Amino acid sequence: MSISLPPANENTSNSLQPTGWLRFISFSLDHKVIGLQYLVCGFLFYLIGGVLAGAIRIELLSPISDFLARDVYNQVLTLHGTIMIFLWIVPVVNGAFGNYLIPFYVGARDMAFPRLNAVAFWMIPPAGLMLITSYFINGAAQSGWTAYPPLSITTPAAGQIVWIVSVLLLGGSSIFGGINFIATILKLRRPGLKLMQLPMYCWAMLGTSILVVLSTPVLAGTLILLSFDIVAHTGFFNPALGGNVIVYQHLFWFYSHPAVYIMVLPAFGLVSEILPVHCRKPLFGYTTMVYSIMGIVVLGLVVWAHHMFTSGTPPWMRLFFTIATSFIAVPTGIKFFNWVATLWGGRISLNSAILFSCGFIVNFVLGGITGVALAQVPFDIHVHDTYFVVAHFHYIVYGGSVFVIFSSIYHWYPKFTGKMLDEKLGIIHFALTFIGFNLCFAPQHWLGLNGMPRRVAEYDPQFTLVNQISSVGALLMAISTLPFLWNILYSFIKGEKAGNNPWQALTPEWLTTSPPPVENWPGEAPLVTKPYGYGANHSNENNPPITQA
Amino acid sequence: MTTLPSTKEKSEELTSSDHQHSDHRLFGLITFLVADGMTFAGFFAAYLTYKSVNPLLPDAIYELELPLPTLNTILLLVSSATFHKAGKSLEAANSKQCQRWLLITAGLGIAFLISQMVEYFTLPFGLTDNLYASTFYALTGFHGLHVTLGSIMILIVWWQARSPGGRITNVNNFPLEAAEIYWHFVDGIWVILFIILYLL
């Protein structure tokens, strides 16, 4: 609870903020600084998570456990999942781009609660460092990112407790962020700007934040109960003491299924911003996009038990969750066709940003199709806990969200830094990532269908060759990071000057300098009522797409 | 929290920029309480599931008495009313009376906590005795934590509502308003908890 200060004081508190690069390691209240803090911090964790993924793929080159000891493999696997989800994708698609773009899109100078925003960011680095150092001290958690009991109760307690505390911190950060986004989008809109005129990313973030606020607290409560089971030896989830593991699974998936949408809905929003700019056409089906997002939010909250078809789930529950899950294909399909229709007949400039976005569309439709397949009980029982699930999941979160993160970096880097990225390196990065990703994960569908269980360091020798192919794909993905890293570092110093609006985009973040000034616009915030009014001069409309207020 | 220059345009519609200002914070607070309520919802769902599928083990002891929790319910409901009175007094710029009501509210909150302690010490089961005992302590404990935080908040508001010298006045009444909404929320949760844990 903070006591409000008179406005005069607040302006001075703003000028007390450090300037220059020091801003980026300070408790800055500027939404753009916080956004970039999220992005850089998330990317560093992505590199760590990537090294862990590399260790997993090296171990799986051979069917015996030779590179990593079995318990180390379990720790590496748990850290990989936790880092990639809670420290890379969730903070970057929500925190980084959300903080940077949402105030521009609603025509505000900052987020609704700048201080809460900074607090939310600064909860992340300690949580991440704690999680990683637990590996070097007493061993990290070994029970996967799901931390299912009784496994999480019987594996060494120290690592598991650190895992719980750091996920609680990250969850808290996520909730604070969600509250901030909802308040900013609904309450800070510039006068004259209607909800249905907002860029699509605002809708995606509104939907995501609703999911965050409704579901993350349930995970927090569950993890607190789990920590009681570990520390105080209560029996909430311990069958030996009369408890019930299924209750954990229900509570866990009540958060963790929406978590998939928390990772992918913002990506939908970002793609909807990028495609129209680079193919010079309005976003197809704006209204249906909005309703699809809200449909996904509602359905996303009532499908969690499709993760539990083999957990003794009663038939009526299987039926309900199969039907609800299959329904999600409808709004998702609408979005897919809208993106294709946006591209259709456009003047596409084939640059790195749109390549990654198109890569997303391709990967996501593949991951979506296997998702519908997995929603069907008979099929799910067959491939449950196999590499098929691993493949499906990575097609959604890597092929989906991570491709969009890269696409967004190529699209907004000129805004962040005022410099252009090198297109040749960008296209090499895309080619390596796209080929490497599909080589790594497409064969895993086959592995899963043939019964290779996931999360185990050792496997049946008949799967050796396909695992090696998958590891080669992973190597390509690792190599693909190098041109990207070189590109962002080199372009920062020696890149071509971008100017304020290199893509000639119409959304409000481009109607200011690159990088933007502290309060976003030198003068008043522009009123952008047609964020996708591309090609407007070819139509009969005489209204210019941008009206400066 | 920073006032944004762009919101100044909006605030023309309203009487004062202060009002506009607190509006966002109240909205943020209510969003937070929705999230907090979901934590309780998760706990209640877990408890109700246990009740329907996990019978009490034969030799386990789990018995609750009604008198003390009923008294607790009354304490909290009365405290909600007294807090409301405090808010009304502040609106009427009567800070002496406002402080008096706040002190009564905090007293009722602390009385609730003491009474809860008494209940804890007289119950025939401990935290780890069985599933229902654990769930009971987790739920009431988590709620008790909320009451503790709320009581501290009320005492801070009480101190800041002093006149002269306090920062809470009938113009800047957001902290009192926020603490009041929070307190009503905690009381509401208690009523649900009382029905689910003691009456069902």
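Modeller: Helix axes here are lines fitted to C-alpha atoms over the stretch in contact, and angles between N-to-C directions run from 0 to 180 degrees. The model is predicted, so local features need pLDDT of at least 70 and side-chain atom pairs pLDDT 80 or more, whereas totals for chains, interfaces and linings use all residues. Residues are numbered from 1 along each chain as its sequence is written, with chains lettered from A and ligands numbered from 1 in the order in which they are written.

Colleague: Why are H9(A) and H14(A) called oblique to each other?

Modeller: The axes of H9 (residues 245-279) and H14 (residues 387-417) of chain A come within 9 Å and cross at roughly 40 degrees. Angles under 35 degrees count as roughly parallel, over 145 as roughly antiparallel, 65 to 115 as roughly perpendicular and the rest as oblique. H9(A) and H14(A) are therefore oblique. Their contact, including Val260(A) and Met263(A) of H9(A) and Ile396(A) and His411(A) of H14(A), has 10 nonpolar, 5 polar and no charged residues. In contact means C-beta atoms, placed from the backbone, within 7 Å.

Colleague: What makes H9(A) and H11(A) roughly parallel?

Modeller: The axes of H9(A) and H11 (residues 315-343) of chain A cross at roughly 15 degrees and come within 9 Å; H9(A) and H11(A) are therefore roughly parallel to each other. Among the residues that meet are Phe268(A) in H9(A) and Trp339(A) in H11(A).

Colleague: How do you know that chain A is as compact as a globular protein of that length?

Modeller: Chain A has 16 helices and 0 strands, where these are DSSP runs, helices (H or I) of at least four residues and strands (E) of at least two, numbered from the N terminus. The radius of gyration of chain A, 23 Å, is close to the 24 Å that the globule rule gives for 549 residues, so chain A is as compact as a globular protein of that length. The radius is taken over C-alpha atoms, and the rule is 2.2 Å times the number of residues to the power 0.38.

Colleague: How do you know that the span of helix H15 of chain A agrees with its 27 residues?

Modeller: The expected span is 1.5 Å times one less than the number of residues. For H15(A), residues 423-449, that is 39 Å, and the end C-alpha atoms are 39 Å apart, which agrees.

Colleague: What is said of the phi of Arg280(A)?

Modeller: Arg280(A), in the loop between H9 and H10 (286-300) of chain A, has a positive phi of about 55 degrees although it is not a glycine. Most residues other than glycine have a negative phi.

Notes. Contact = placed C-beta atoms within 7 Å. Nonpolar A, V, L, I, M, F, W, Y, C, P; charged D, E, K, R; others polar.
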